[in-house]
Amino acid sequence: MDIPGKIYKLWVRATGSTAEFPLEVRIFHSVSLIAIAALAYNVPFNLIIGLPFIALLSFIAVLAFTCLYYISRYKGYTAFATIVFATLGNLLFAINYLYNSGTQGPTEIFMGLCILLLLCTLPQKQHKLWVAINAAIMLGLHALEYYHPSLVPYTYDSRESRFFDLTSAYVVVIVVVYYTVTYMLKNYDHEKRSAADKAEAIERKNAQITRQNQELERINQERNKLMSIIAHDLRSPLSNIQNYLELITEYGLDTEERQMVEGDLLKVTRRTVDMLSKLLIWSKGQMDGVNVQLSQVSLKDALFNTLELEKSIAAKKQITLTTMVDWEIKVVADSDMLQLVLRNLISNAIKFTNPGGEIHFKARKIGGECWLIIRDNGIGISKEKQTELFSLRSGNTVGTANETGVGLGLLLCKEFTELQGGRIWLESSPGEGTVFYVAMPAVG
């Protein structure tokens with residue numbers, strides 16, 4: 001049976017929780033309860049030692065302080081209760097001084113206790129005032145007793161009663177001081193820890209907000225850059241189409257000239273459609289998230305048709321695309337995503353390889369992975385460019401036949417590869433070509 005724990009819970013209910021009251025109000029409630037207990041003890045004690053008037057005075061004080069505690073704890077009038085508490089405390093102890101033997105009794109000890117309790121409960125701006133009042137009352141009573149000793153009678157009927165009264169007063173004061181100071185220190189420590197925890201939480205929150213703001217700023221900058229690149233690249237084909245329409249409207253073109261212009265327009269339009277397709281895929285992934293459907297797929301089912309198509313595209317640029325693949329290898333992947341990754345990487349290799357160049361595609365198992373390797377002997381990539389290659393910072397690019405792009409292809413390759421649980425990296429040197437590696441989880 002956890003008796004100390006139950007006593008603590010009862011005390012918290014009596015003084016109020018941290019959620020209900022600030023520390024100063026809880027201290028006032030605690031001081032009120034301690035004062036009530038001390039005064040309640042003095043009622044029977046003063047009757048026993050032959051001081052019935054002081055016992056009555058203590059009983060009246062118990063009732064008064066109980067009412068003040070109730071007004072503050074359950075009605076919320078703490079400011080009013082503390083002022084009345086201070087006034088009554090000084091008044092009652094002044095009366096106690098007059099009817100309990102003055103300097104021969106325990107009142108001076110109680111007045112010292114009174115000012116301690118007032119300093120614990122009253123607002124700091126009132127401390128000097130109540131110290132002055134307390135001192136003025138005690139000095140005035142001392143002067144009264146000195147010049148008119150008959151007004152402050154000696155009320156003890158025996159030496160023993162005075163001895164027990166002073167001893168009891170000392171014990172009461174020590175107990176009240178101990179519990180008051182202990183309670184204050186404990187609660188100040190708790191408030192200090194709570195404030196430190198709150199400050200730490202606020203600091204962490206601010207740091208998180210700062211990081212989020214920085215990330216949002218970075219994303220906005222990248223999107224603004226992307227939009228400007230797209231606007232620039234869209235302007236070119238639209239201007240070409242406009243110029244073509246103006247040509248055929250204002251001038252007559254023979255068949256050969258028309259075919260040449262239409263061929264150029266077809267190339268530009270295809271590149272624009274490819275760029276917009278990549279943009280749509282990327283934008284959809286950013287807004288809605290990407291739905292990855294992983295399964296065990298063979299390389300033949302996933303990549304054969306894509307490679308055949310890329311071979312024909314490479315041939316139009318007089319580039320040879322060769323493959324060395326074990327078509328029975330199975331990987332864990334999303335078939336559509338894997339096709340998009342491979343198509344983008346081979347398209348890039350074609351784009352940056354000069355006519356007459358070569359591209360080699362290999363697939364082999366290494367450990368628990370299947371490595372897809374695309375090697376070209378194109379223009380290569382500088383070290384500076386490689387650090388930004390898989391991000392929006394890579395910017396627009398121009399191929400060996402003036403093919404243009406906005407740098408979205410490799411960003412999609414990285415995002416889609418990692419979504420499938422794979423890895424992507426490259427090796428490249430300017431003028432010596434580039435090798436892209438895609439490692440996917442292999443089956444078996």
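Is E418 buried, partly exposed or exposed? With a relative accessible area of 46%, E418 is partly exposed. The model on screen is a predicted one.

**Stop 1: the end of the tour's first pair**

K414 is partly exposed, at 28% relative accessibility.

**Stop 2: the whole protein**

Zoom out and colour by secondary structure. The protein has 12 helices and 9 strands. It contains 444 residues, and 39% of them count as buried. The exposed surface comes to about 25400 Å², with 60% of it supplied by carbon and sulfur atoms. If contacts with a separation of 6 or more are considered, 73% of them are between residues 24 or more positions apart.

**Stop 3: helices α1 and α2**

Select residues 3-15 for helix α1 and residues 23-48 for helix α2. Their axes come within 9 Å and cross at roughly 110 degrees. Angles of 65 to 115 degrees count as roughly perpendicular, and α1 and α2 are therefore roughly perpendicular to each other. To see where they meet, show the side chains of W11, A14 and T15 in α1. Their partners in α2 are R26, H29, S30, L33 and I34.

**Stop 4: a salt bridge between separate parts**

How many salt bridges does a search of the whole structure find? The search finds 5. One of the salt bridges joins E20 and R73, whose closest N and O atoms are 3.8 Å apart. E20 lies in the loop between α1 and α2, while R73 lies in helix α3 (residues 52-75), so the pair ties together parts that are 53 residues apart in sequence. The two partners can be compared by their accessibility. E20 is partly exposed, with a relative accessible area of 47%, whereas R73 is buried, at 11%.

**Stop 5: T78**

Select T78, which is in helix α4 (residues 78-99). Its relative accessibility is 14%. Buried means under 20%, so T78 counts as buried. Leaving aside residues up to four places away in sequence, T78 touches V25, F28 and S72. Now draw a distance from the C-alpha of T78 to the C-alpha of L68: it is 8.4 Å, and the two residues are 10 apart in sequence.

**Stop 6**

S101 is not a glycine, yet its phi is positive, at about 75 degrees. S101 is buried, with a relative accessible area of 2%.

Then select Q318, in the loop between α9 (299-316) and β2 (320-325). Its phi is near 65 degrees, again a positive value in a residue other than glycine. Is Q318 buried or exposed? Q318 is exposed, with a relative accessible area of 59%.

**Stop 7: helix α9**

E308 is partly exposed at 36% relative accessibility, and K311 is partly exposed at 27%.

**Stop 8: a nonpolar surface patch**

Which helix gives the most to the patch? Helix α7 (residues 159-250) does, with 6 residues. V175 is found in helix α7. Its relative accessible area is 40%, and V175 is partly exposed. A residue needs over 30% relative accessible area to be part of a patch, so V175, at 40%, passes that cut-off.

Terms used. Residues numbered from 1 in each chain as written. Predicted model: local features only at pLDDT ≥ 70, side-chain atom pairs only at ≥ 80, totals over all residues. Heavy atoms only, no water. Helix = DSSP H or I, 4+ residues; strand = E, 2+ residues; numbered from the N terminus. Buried < 20%, exposed > 50% of the residue type's maximum accessible area, 1.4 Å probe, protein only. Axes fitted to C-alpha atoms, helices over the stretch in contact; angles between N-to-C directions. Parallel < 35°, antiparallel > 145°, perpendicular 65-115°, else oblique. Contact = heavy atoms within 4.5 Å. Areas by Shrake-Rupley, 256 points an atom, 1.4 Å probe, with all protein chains shown as cover. Salt bridge = Lys/Arg side-chain N within 4 Å of Asp/Glu carboxyl O.
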